[in-house]
Amino acid sequence: MTKKMNDTILQAYRGKETSYTPAWFMRQAGRSQPEYREIKKKYSLFEITHQPELSAYVTRLPVENYNVDAAILYKDIMTPLPAMGIDVEIKAGIGPVVDNPIRSFQDVEALGTINPNADIPYILDTIRILTEEQLEVPLIGFSGAPFTLASYMIEGGPSKNYHETKKLMYREPETWFLLMDKLADMIITYVEAQVEAGARAIQLFDSWVGSLNAPDYRVFIKPVMTRICSELRKLDVPLIIFGVGARHLLLEWNDLPVDVIGLDWRTSITEARNMGVTKVLQGNLDPVMLLTEWENIEKRTKNILDEGKEQGKHVFNLGHGVTPEIKPETLKKLTNLVHEYSKRS
Ligand SMILES: Cc1c2[nH]c(c1CCC(=O)O)Cc1[nH]c(c(CCC(=O)O)c1C)Cc1[nH]c(c(CCC(=O)O)c1C)Cc1[nH]c(c(CCC(=O)O)c1C)C2
């Protein structure tokens, strides 16, 4: 039987006044949880995601343990890429590693398309299990955005400065735009399938796009993001965009047909509003703060909530993902603080 849904976060994503500020934490699934670590002794990330019941359990854990207002589907931004012909592995302590990085027009031409029912049925099954039977809060689906996905496909793994990616973009715009188009087609199909299966909001992770300046963003990325977001808007679920170190791109994002902008910890809610950002804002406690004394955490969190209240349209999150050292008790206490402190009288 379907459980009663607390959809406060969806209201907040729509810019509506809610009785408290909802919260979830990027990378809340896995990582710091002992239950997850036990599972990881036996299975890799991809092995877990291929088992819908197990994957649903990992997705549910933070909702049950931390009392957050949304679940985020346990999978990685690299999950859809094997369908396009990219061999990817998640290596412990490194992240995604691609054995056959793409570097030429021919490589891009050879990329395949995604057929969600055939290529990632296990992801859609996980979504159905969660949304039809188990969750009492909305499930957030997600995809990597083209620049961030391209960076792993071209570099072959995590990178500090994205030299290969930017080199290809500047030197071979034709190759670049073909890649952007193919990724856009994949992302649209992939996200549509997640929403059809039951995801109630979508976050596009453009984690590394802040490495581009605004004029280059306008030429090389904004057109493809406009196409993707315009298509996804038709699905009528809130659309969130997030990236790290992207303060100089906030007004570009504000132009996109998205509902919510995720802030990292570098730019405060007030600064973003003063710059002219009008969308709902999500963020933005520095995750490292969660490794310090509770007094600090409490003070910073209250500051963020005060700003959110003053500026309006705010959903609480971290400024980037939960790190493995962060204690589950701290995250639980944090959600409780956010909920209690933000209660509207
Ligand atoms: C738990 C986990 C994931 N990916 C990786 C891990 C850690 C390793 C493991 O436990 O196997 C490797 C894994 N996957 C990736 C990395 C980053 C590598 C790098 O620094 O470039 C790592 C360590 C790539 C990745 N993966 C993701 C992003 C975008 C968000 C961000 O900026 O952090 C990126 C850039 C998204 C992601 N990745 C994951 C989720 C679902 C869980 C959740 O959020 O609760 C999500 C949303 C799952």
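Mentor: The accessible surface of the protein chain comes to about 14,500 Å², and carbon and sulfur atoms account for 49% of that area; the areas are calculated by the Shrake-Rupley method with a 1.4 Å probe, and for residues only the protein chains shown count as cover. This is a predicted model, in which local features need pLDDT of at least 70 and side-chain atom pairs count only at pLDDT 80 or more, whereas totals for chains, interfaces and linings use all residues. Residues are numbered from 1 along each chain as its sequence is written, and side-chain values use heavy atoms, with hydrogens and water left out.

Of the 345 residues of the protein chain, 57% count as buried, that is, under 20% relative accessible area with a 1.4 Å probe, protein chains only. Thr49 is buried, because its relative accessibility is 0%. This residue belongs to helix 3, which covers residues 45-49; a helix here is a DSSP run of H or I with at least four residues, numbered from the N terminus.

From Thr49, the side chain reaches the backbone oxygen of Phe46 at 3.0 Å, a polar contact being a pair of N or O atoms within 3.5 Å, one able to donate a hydrogen and the other to accept it. Neighbours within four places in sequence aside, Thr49 is in contact with Ser55, Tyr74, Lys75, Tyr122, Ile123 and Thr126, where contact means heavy atoms within 4.5 Å. Across the protein chain, 73% of the contacts with a separation of 6 or more join residues 24 or more positions apart.

How values were computed. Buried means under 20% relative accessible area, exposed over 50%, partly exposed in between (1.4 Å probe, protein chains only). Helices (H or I, at least four residues) and strands (E, at least two) are DSSP runs, numbered from the N terminus.
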